[in-house]
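User: I would like to learn how to read the helices and sheets of a model. Please take the features one at a time.

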Amino acid sequence: MNAPINAPKLYDCRDAFATTLERLAAENETIVAVCNDSVGSSKLGGFKAKFGERLVNVGIAEQNMVGVGAGLANGGRLPFVCAAAPFLTGRSLEQIKADISYSNANVKLVGISSGMAYGELGPTHHSIEDFAWTRVLPNLPVIAPCDRIETAAAVEWAAAYKGPCFLRLSRVGVPDLLPEGHKFELGKANLLRQGSDVTLIANGTLTHRILKAAEILAERGINARVLNLATVRPIDEDAIIAAAKETGAIVTAEEHSIFGGLGSAVAEVVVDNAPVPMKRLGVPGVYAPTGSAEFLLDEFGMAPSAIADAAQSLIRRK
């Protein structure tokens, strides 16, 4: 089926990650890549061709991979440790806690194909717990860029940042949302649309969906504010509190369980500072079934029209 004539071009954020990493590696000889037999899925083929001696492939041994990254950092290298998000976080959480977070090691963890991007491979390959697992750890910024532009900016920021971080990247195509040349600021939300009736908050693959939901709401006479909250930790408390006070209702949407993720992080700020009605959209505490990422997001109530409906229902509680 042909795409609609006016459909925006979609980009894989992994390509922006790989291109940026290769450029930075050409400028900084300490940059190394570490992976778990995932050169292809992590888009490290170009890096391998240009800097083969700086690519460490440990095989399918994620716990060891994180330890190797920590050791390289201790030796003065700048490692980007790349693996499928469910296996990087789920299998290696103890190593991430002790070797990276507790040790404050200068390691950049890159979770590839996050959320339900591996939808057809089923629940074992869904990464819908990684926000909850990583955002609880001290010293570990947690970042989920919304498009290729923010991905490139976040990789540049990570390379310059002295300390560990977790970058959560999907393989699902998304349109450009931020302007070329955008500079990533840790802990700062991007206001994508001003509004006074309700606030829609998302990151990663859901950001363009909440923008579409805002357009639907506008057709219904509802003015929705849209925030891209790429940084889950540290979170932009000021933007959330302002949204609560100025719009009186907040809807969050995420490619993650509704427990412990973006919605929970936003709710923690809201309940402590400016309690207002909220609706958290995400995977409702179940194992997501097998199916494409697009199908699963729609199935769990995150089609733009469904997000708009949730926002409209929430407004009635104000």
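This is a predicted model: local features need pLDDT of at least 70, side-chain atom pairs count only at pLDDT 80 or more; totals for chains, interfaces and linings use all residues.

User: How is a pair of packed helices described, and what are the values for H1 and H7?

Analyst: Two packed helices are described by the angle between their axes and the distance between the axes. Helices (H or I, at least four residues) and strands (E, at least two) are DSSP runs, numbered from the N terminus. Axes are lines fitted to C-alpha atoms, for helices over the stretch in contact, and angles run from 0 to 180 degrees between N-to-C directions. Here H1 (residues 13–27) packs with H7 (residues 148–160) at about 35°, and the axes are 8 Å apart.

User: Which residues of H1 and H7 meet?

Analyst: Contact means heavy atoms within 4.5 Å. On the H1 side the residues include Phe17, Leu21 and Leu24, and on the H7 side they include Ala152, Val155 and Ala159. The residues of this contact divide into 8 nonpolar, 2 polar and 3 charged. In this count Ala, Val, Leu, Ile, Met, Phe, Trp, Tyr, Cys and Pro are nonpolar, Asp, Glu, Lys and Arg are charged, and the others, Gly among them, are polar.

User: In what order do the strands of the sheet with 7 strands lie?

Analyst: Strands of a sheet pair through backbone hydrogen bonds, either parallel or antiparallel. Two strands pair if DSSP finds at least two bridges between them. The order is S2-S1-S3-S4-S6-S5-S10, in an open sheet with mixed pairing. Its edge strands are S2 (55–57) and S10 (231–233), each pairing on one side only. Within the sheet, S3 (residues 78–84) and S4 (residues 108–112) run parallel and are joined by 5 bridges; phenylalanine 80 stands opposite lysine 108 in S4. H7 packs on this sheet, touching S3, S4, S5 (142–143) and S6 (165–169), and its direction makes about 165° with that of S6.

User: What is the strand order in the sheet with 5 strands?

Analyst: This open sheet has the order S7-S9-S8-S11-S12, again with mixed pairing. S7 (190–193) and S12 (278–283) are the edge strands. S7 pairs with S9 (residues 224–228) in the antiparallel sense over 3 bridges, and leucine 191 stands opposite leucine 227. S11 and S12 pair in the parallel sense over 5 bridges. From S11 the chain crosses through H10 (residues 262–273) to S12 in a right-handed β-α-β crossover; right-handed means that, with the strands pointing away from the viewer, the path from the first strand over the helix to the second runs clockwise.

User: Where is the cis peptide bond, and which residue has a positive phi although it is not a glycine?

Analyst: The cis bond joins arginine 233 and proline 234, with omega about -5°. Proline 234 is found in the loop between S10 and H9. Serine 113 has the positive phi, about 55°, and is found in the loop between S4 and H6 (130–135).

How values were computed
Residues are numbered from 1 along each chain as its sequence is written. Side-chain values use heavy atoms; hydrogens and water are left out.
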